[in-house]
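Q: Hey, can we go through the side-chain contacts in this one together? I'd like to start with charges and then move on to rings.

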Amino acid sequence: MFRSKVPQDSIAKRLLEELLFSMRAIPHLARIEAQLNALQRPGGHPASRPRDFTSTRASFMLLDLQKLREANAGASAGMRIDRWNDRYFEPCAKLSICLNANHVDGEINDQYRSRLGALKFLKNIILLPGCGQFVPGASFVLHEPAAMNSSPPF
């Protein structure tokens with residue numbers, strides 16, 4: 001990781017201010033959304049957050065699979081993991097709506113609040129290149145075993 005000997009906070013703040021000044025002049029622009037990780041790091045200055053912006057905390061879930069295997073040795077967790085299949089679009093869209101019902105992402109993006117919006121969002125991620133390349137062979141769905149004959153009961 002690159003670490004500059006010169007403090008970068010003032011430079012980052014100035015660049016952000018100039019960018020926002022230019023973006024606010026764009027006609028019909030209704031919202032600016034950004035992940036400003038540098039402003040959220042330990043020691044980052046809350047005062048460097050641009051005014052008029054609200055801030056939300058991101059949550060990431062991590063699971064140590066080796067510890068899970070050791071803890072569940074010889075016991076079934078009662079769930080099944082399968083590779084991605086297009087038949088999971090509908091139940092995953094329903095799950096997305098439920099997960100985002102009272103979450104900031106649901107407030108920000110209307111695609112999280114309706115069945116058609118959630119399906120569009122999932123299909124855009126999976127079928128269109130954009131934020132990266134979707135790899136079906138490396139993508140999984142976790143569900144109850146009884147759901148194998150139909151779609152998962154999300």
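What follows is a chat about salt bridges and aromatic rings in this predicted model.

Q: OK, how many salt bridges are there in the structure?
A: The structure has three of them. Keep in mind that this is a predicted model.

Q: Let's take E18. Which side chain does it meet in a salt bridge?
A: That would be R14, with 3.1 Å from N to O.

Q: Where do E18 and R14 sit relative to each other in the helix?
A: They're both in helix α1, which covers residues 9-24.

Q: Is D82 buried or exposed?
A: D82 is buried, with a relative accessible area of 14%. R80, on the other hand, is partly exposed at 40%.

Q: What about R115, which residue does its side chain meet?
A: R115 forms a salt bridge with E90, and the N to O distance is 2.6 Å.

Q: How accessible are R115 and E90?
A: R115 is partly exposed, with a relative accessible area of 43%. E90 is partly exposed too, with 27%.

Q: Switching topic: how many aromatic pairs does a search of the whole structure find?
A: It turns up four. One of the pairs is W84 with F89, and that one is edge-to-face.

Q: What are the numbers for W84 and F89?
A: The ring centres are 5.3 Å apart, and there are 80 degrees between the planes.

Q: Why give both a distance and an angle?
A: Because a pair of aromatic rings is described by the distance of the centres and the angle of the planes.

Q: Are W84 and F89 buried or exposed?
A: Both are buried.

Q: Which residues do the ring pairs link into a cluster?
A: The cluster is made of W84, Y88, F89 and F134.

Q: Last one: what lies over the face of F89?
A: That's K123, at 5.4 Å from the ring centre.

Note on methods. Residues numbered from 1 in each chain as written. Predicted model: local features only at pLDDT ≥ 70, side-chain atom pairs only at ≥ 80, totals over all residues. Heavy atoms only, no water. Salt bridge = Lys/Arg side-chain N within 4 Å of Asp/Glu carboxyl O. Helix = DSSP H or I, 4+ residues; strand = E, 2+ residues; numbered from the N terminus. Buried < 20%, exposed > 50% of the residue type's maximum accessible area, 1.4 Å probe, protein only. Phe/Tyr/Trp six-rings, centres within 6.5 Å; stacked < 30°, edge-to-face > 60°. Lys NZ or Arg CZ within 6 Å of the ring centre and 35° of its normal.
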